[in-house]
Amino acid sequence: MSALLEPKLALARVVGAVSRVHGGGGTSLPGKLLVRMDPSAIGVLAARLPRGSVVVSATNGKTTTATMAASILERAGISLVHNQAGANMAGGIASTLLTAAGRRGTIAGELGLFEVDELWLDRLAAQLHPQAIVLGNLFRDQLDRYGELDTIAERWTTAVSAGGTAARARLVCNADDPLVADLGRDRADVVYYGVEDDTLELEGMAHAADAKHCRRCGAPYTFDAIYLGHLGHYHCPSCGQRRPSPTVLARSVVLEGVRSARFRLSTPEGEADVKLALPGLYNVYNALAAAALAVALEIPLADIVTGLESTKAAFGRAETVTVGGRETRILLVKNPAGANEVLRTLALEPGSHDLLGVLNDNTADGHDVSWIWDADFELLAGRVRSATCSGTRAAELALRLKYAGVEPERITVVEDLSHALARVADDYLDEGDKPPLYVLPTYTAMLSLRELLVARGEANSSWR
Amino acid sequence: MAVSATEGRVLRVCALYPDLMNIYADRGNLFVLQRRCAWRGIDFQLSGSGLGESLDGGAHDIYYLGGGQDRDQQLCAEDLVAGKREPLYEAASRGAIVLGVCGGYQLLGESYTLGDDQLQGVGLLDVRTVREPGQRLIGNVAIEVHLDGDVHVLAGFENHGGRTHLGSDAAPLGRVLKGHGNDGRSGFEGARAGNTIGTYLHGPLLPKNTWFADWLISTALGIDTGALTSLDDSFEREAHTSARRAAGV
């Protein structure tokens with residue numbers, strides 16, 4: 001098998017090299033070719049990893065959770081094969097394995113760490129045979145691509161059930177997401193994580209919240225606390241189903257605007273204070289997911305804490321860059337739940353801001369931009385000094401801001417992103433006190449933004 | 001300046017199952033109605049009616065029913081037929097607007113057939129929906145609509161597995177310019193019977209088509225659309241153009 005694979009690996013590598021020379025940024029191209037030549041290539045290459053693989057999937061937070069897990073595992077001395085550029089379907093994972101594969105059946109790494117697209121979880125688990133799977137959350141997202149939430153939940157259920165492709169993987173599940181927690185119901189060895197902090201409770205469920213009804217009996221859940229979207233503490237008054245008790249916990253959470261967050265981490269091994277260089281409750285959840293995975297892999301608590309604390313923002317996820325000499329944060333928004341957490345985090349910052357919102361409707365963003373009406377842009381009303389709207393559907397974002405209560409005279413539509421970037425970078429150069437600039441791009445907008453910043457010399461070109 | 005025709009008027013809107021039938025950000029429609037009333041000094045009153053809750057067929061000017069996940073839609077279908085059919089007929093017969101979007105459109109029809117299962121609808125529109133094998137009908141869409149003698153374009157996004165077939169008593173809402181429409185074949189989109197309207201242009205339909213929001217407001221209040229105070233709609237027009245362009249019109 002592997003003798004036959006070698007020439008295919010070589011060919012896929014050549015294609016990748018040629019594509020890079022010609023400026024192709026597609027990190028998944030060689031992998032796609034490899035999988036086409038040999039559909040079992042991912043399985044064959046992953047089998048070379050002496051410690052096997054672990055997989056992270058979720059609607060929101062996959063890349064950051066995997067980045068945090070990588071930081072922890074590397075601190076523990078484990079060398080990784082990790083799809084850190086975020087290409088998380090078969091092509092991307094095959095490319096990552098291809099890069100690491102050496103001659104005569106070797107591979108440069110002990111453990112595979114893969115973030116995996118929600119829709120690809122079952123198919124990739126069939127090849128990767130992961131020893132552990134982190135299931136973070138399920139929110140409504142790009143319905144034109146993913147379909148409704150119940151459909152994804154069903155696919156995940158099939159994958160993790162007896163006879164499924166991930167039946168033998170250890171599960172690491174978010175106890176606070178009823179859709180996800182339910183997947184571990186029939187398993188004895190699930191590592192659950194969750195938040196327990198009264199001060200974070202929201203007054204009610206977000207408008208766009210999903211998963212309001214018991215996965216078992218269909219009755220509405222009673223939520224005793226809601227922290228984020230439909231994440232919180234819940235029970236079913238009809239069949240008695242309730243949130244599992246997590247063994248990896250965050251307590252005493254302190255959210256420090258767009259900069260950082262602190263919490264008291266509790267694990268079966270002990271407790272410790274953690275200070276993240278990433279903001280928002282959503283990143284506390286990502287940190288818990290990474291910590292719970294580390295617990296499942298028996299990594300010492302000290303490595304977990306230092307690994308989390310040294311994690312820097314993943315590409316575009318609260319990443320800080322300099323635009324026109326001004327500190328600028330890039331906050332990826334791609335669906336209502338994620339956008340709401342970003343907006344909630346922004347609203348913690350005092351004063352007013354300049355905004356650059358970039359709404360694209362390319363395939364990777366979802367062709368349907370309806371979701372912006374589920375995101376609570378109202379949180380920004382009265383806080384925006386200027387809003388520049390850009391991207392393929394810029395005008396619709398501008399309208400959303402107007403109906404959210406941002407004064408129309410503060411809103412400008414500049415469809416072309418390079419012009420929009422020049423506007424926010426240069427137009428304010430002469431003014432004295434410049435408020436902070438926040439860029440809220442969709443996924444493909446974030447990639448374009450990165451290219452433009454590199455061209456302007458304001459970001460380096462490395463794909464982290 | 002003449003006294004506005006809307007001075008002191010009230011628009012009463014009832015959202016049906018607002019916490020379940022909202023999958024494509026249907027609340028955008030309610031925001032647009034609310035803001036456009038507020039900017040004109042029209043008092044906007046919004047209420048909701050959920051599972052097991054009563055519905056007053058005489059108390060509202062617009063009844064809105066959005067789209068939901070299959071499972072939620074089934075719960076709502078049963079509840080609609082059991083407890084809300086009569087009030088909706090009462091509302092429709094006195095000329096109130098009943099607007100069904102996406103799944104809401106399907107439920108305003110006679111039935112929804114999925115394999116051997118059949119969901120009964122309210123039957124306000126003479127349409128039947130069947131989930132046929134084959135791809136879901138997904139994408140940007142634009143339709144041409146004739147309302148009160150004027151020709152307009154509605155632009156939006158559709159995403160439905162069901163194919164909806166018009167009965168002899170139903171008129172289509174519009175003609176498909178780009179996209180799939182009711183069944184991907186007939187060239188028709190949506191259905192209309194008096195002021196009961198159904199469409200597959202889902203979720204935030206009104207932000208992309210504020211002319212239609214104004215038509216709904218004025219029709220619900222029983223006045224000419226021209227009698228509404230005009231607003232600065234430059235962003236609204238750009239958004240409409242953007243949605244049309246996405247559909248290729």
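This report describes selected features of a predicted model, from the domains of chain A to individual residues in chains A and B.

## Domains of chain A

Chain A is divided into two parts: domain 1 comprises residues 50–87 + 112–309, and domain 2 comprises residues 317–455. The C-alpha centres of domain 1 and domain 2 of chain A are separated by 28 Å. Across the boundary, 24 residues of domain 1 of chain A are in contact with 17 residues of domain 2 of chain A.

On the domain 1 side of this boundary in chain A, at least two residues each are supplied by α4 (62–75), α7 (143–146) and α10 (281–296). The element that gives the most to this side is α7(A), with 3 residues. Sorted by class, the side of domain 1 of chain A that touches domain 2 of chain A has 11 nonpolar, 9 polar and 4 charged residues.

## Helix α4 of chain A

Helix α4(A) has 14 residues, and at 1.5 Å a residue it should span 20 Å; the C-alpha atoms at its ends are 20 Å apart, so expectation and model agree. This helix is mostly covered, as 12 of its 14 residues are buried.

The buried residues of α4(A) include the threonines A:Thr63, A:Thr64, A:Thr65 and A:Thr67. Also buried in α4(A) are A:Lys62, A:Ala66, A:Met68, A:Ala69, A:Ala70, A:Ser71, A:Ile72 and A:Leu73. After α4(A) comes A:Gly77, which has a positive phi near 85°.

A:Ile304 belongs to helix α11 of chain A, which covers residues 301–309. With 30 other C-beta atoms within 10 Å, A:Ile304 is buried, because the cut-off for that class is 20 or more.

Leaving aside neighbours within four places in sequence, A:Ile304 is in contact with A:Ile72, A:Ala291, A:Ala294 and A:Ile299. A:Ile304 and A:Arg103 are 201 residues apart in sequence, and their C-alpha atoms are 33 Å apart in space.

## Packing of α2 and α5 in chain A

Helix α2 (residues 29–37) and helix α5 (residues 90–100) of chain A pack at an angle of about 95°, and their axes are 7 Å apart. Since angles of 65 to 115 degrees fall in that class, α2(A) and α5(A) are roughly perpendicular to each other.

From α2(A), the residues that take part are A:Pro30, A:Gly31, A:Lys32, A:Leu34 and A:Val35. They meet A:Ala90, A:Gly91, A:Gly92, A:Ile93, A:Ala94, A:Ser95 and A:Leu98 in α5(A). By class, the contact of α2(A) with α5(A) has 7 nonpolar, 4 polar and 1 charged residues.

## Contact between chains A and B

Between the chains, 24 residues of chain A are in contact with 29 residues of chain B. Two or more residues of the chain A side are given by each of α7, α8 (149–160) and α13 (394–403) of chain A. The largest share, 6 residues, comes from α13(A).

The side of chain A that touches chain B divides into 10 nonpolar, 3 polar and 11 charged residues. Helix α7(A) is also one of the elements on the side of domain 1 of chain A that touches domain 2 of chain A.

## A:Glu409

A:Glu409 lies in the loop between α13 and β16 (411–413) of chain A. A:Glu409 counts as exposed because it has 7 C-beta neighbours inside 10 Å, where the cut-off is 12 or fewer. From A:Glu409 to A:Leu452 there are 43 residues in sequence and 27 Å in space, C-alpha to C-alpha.

## Features of chain B

Helix α5 of chain B runs over residues 210–221; its 12 residues should span 16 Å at 1.5 Å a residue, and its end C-alpha atoms are 16 Å apart, which agrees. In α5(B), the buried residues are B:Thr210, B:Phe212, B:Ala213, B:Asp214, B:Leu216, B:Ile217, B:Thr219 and B:Ala220. B:Gly222 follows α5(B) and has a positive phi, near 75°.

B:Arg175 lies in strand β11 (residues 174–178) of chain B and is partly exposed, with 14 other C-beta atoms within 10 Å. Not counting residues up to four places away in sequence, B:Arg175 touches B:Ile143, B:Glu144, B:Gly187 and B:Phe188. B:Arg175 and B:Arg244 are 69 residues apart in sequence, with 15 Å between their C-alpha atoms.

Definitions and conventions
Residues numbered from 1 in each chain as written. Chains lettered and ligands numbered in written order. Predicted model: local features only at pLDDT ≥ 70, side-chain atom pairs only at ≥ 80, totals over all residues. Domains from an automatic or database assignment. Contact = placed C-beta atoms within 7 Å. Helix = DSSP H or I, 4+ residues; strand = E, 2+ residues; numbered from the N terminus. Nonpolar A, V, L, I, M, F, W, Y, C, P; charged D, E, K, R; others polar. Expected span 1.5 Å × (residues − 1). Axes fitted to C-alpha atoms, helices over the stretch in contact; angles between N-to-C directions. Parallel < 35°, antiparallel > 145°, perpendicular 65-115°, else oblique.
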